[in-house]
Amino acid sequence: MDTKTFLTALKEQGIELNEQQEKQFQHYFKILVEWNEKMNLTAITDEEGVYLKHFYDSLTAAFYYDFTQPLRICDVGAGAGFPSIPLKIVFPHLKVTIVDSLKKRITFLNHLAHELGLKDVAFYHDRAENFGKNPKFREGYNLVMGRAVARMSVLSELCLPLTEKGGVFMAMKGPNLEEELQDAKVAIQTVGGELIDVHTFELPEEGSERNIALIEKRRKTPKKYPRKAGTPNKAPIE
């Protein structure tokens, strides 16, 4: 996806970028490729690939959820900043928190935010399990996001404790979501969530399947969740 197609595809969804935002995406791409030579941030480094599979793919979240409202967002395991940094560029009013377990990624994100001139962004080097136990952050976000981080049963235990009651946990996934959701039914309910919607669509140009699941936080998460670091992955709630 070249930059022109990127802008046109967003415009079709009602998202128009100004000159500054276009430049921020160009700068983001350059910094990503530059840093990727020193550390493994992404396997996709060609411009068309980054614009389609990282930038555009991240922004599909805004096709199914209203990001024009004031939101406190937590992005769990964002890696090189996806999806929350592209969303922050397009919707500058968002208050964004990213938690990631790799220190070098946090170093990259701090540099990136500085270079792109982003305000109201906070980056934490921590395991999501520990972060979700911290009273300062627990149930403190209107929207918690996870993009291709882990299976739904695991991701629910990491993300729903951070979601405020009445807020939403959004999981951005590839194919096979239906099967994952079946396995995650008990986990989602146990930590206080209720599946409200699933949006299935294809990425333009290459036609690969994408799914966005929206889960509402209906009840407070029991104190014991998330369990200690590593446990959700080894023994998902079933």
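Start with the lining of the largest pocket: by class, seven of its residues are nonpolar, six polar and six charged. (Ala, Val, Leu, Ile, Met, Phe, Trp, Tyr, Cys and Pro count as nonpolar, Asp, Glu, Lys and Arg as charged, and the others, Gly among them, as polar.) A pocket here is an open set of points on a 1 Å grid where a 1.4 Å probe fits, with protein on both sides within 12 Å along at least five of seven lines; lining residues have an atom within 4 Å of a point.

Before going on, know that this is a predicted model: local features need pLDDT of at least 70 and side-chain atom pairs 80 or more, while totals for chains, interfaces and linings use all residues. Residues are numbered from 1 along each chain as its sequence is written, and side-chain values use heavy atoms, without hydrogens and water.

Now select Lys 53 and Glu 206. Their side chains meet in a salt bridge at 3.4 Å, N to O (the term means a side-chain nitrogen of Lys or Arg within 4 Å of a carboxyl oxygen of Asp or Glu). Lys 53 is partly exposed, at 30% relative accessible area, and Glu 206 is partly exposed too, at 37% (partly exposed lies between buried, under 20%, and exposed, over 50%, with a 1.4 Å probe and protein chains only).

Next, pick Arg 72 and Glu 164, another salt bridge, with the closest N and O atoms 3.1 Å apart. Finish with Glu 194 and Arg 219, whose side chains form a salt bridge at 3.6 Å, N to O.
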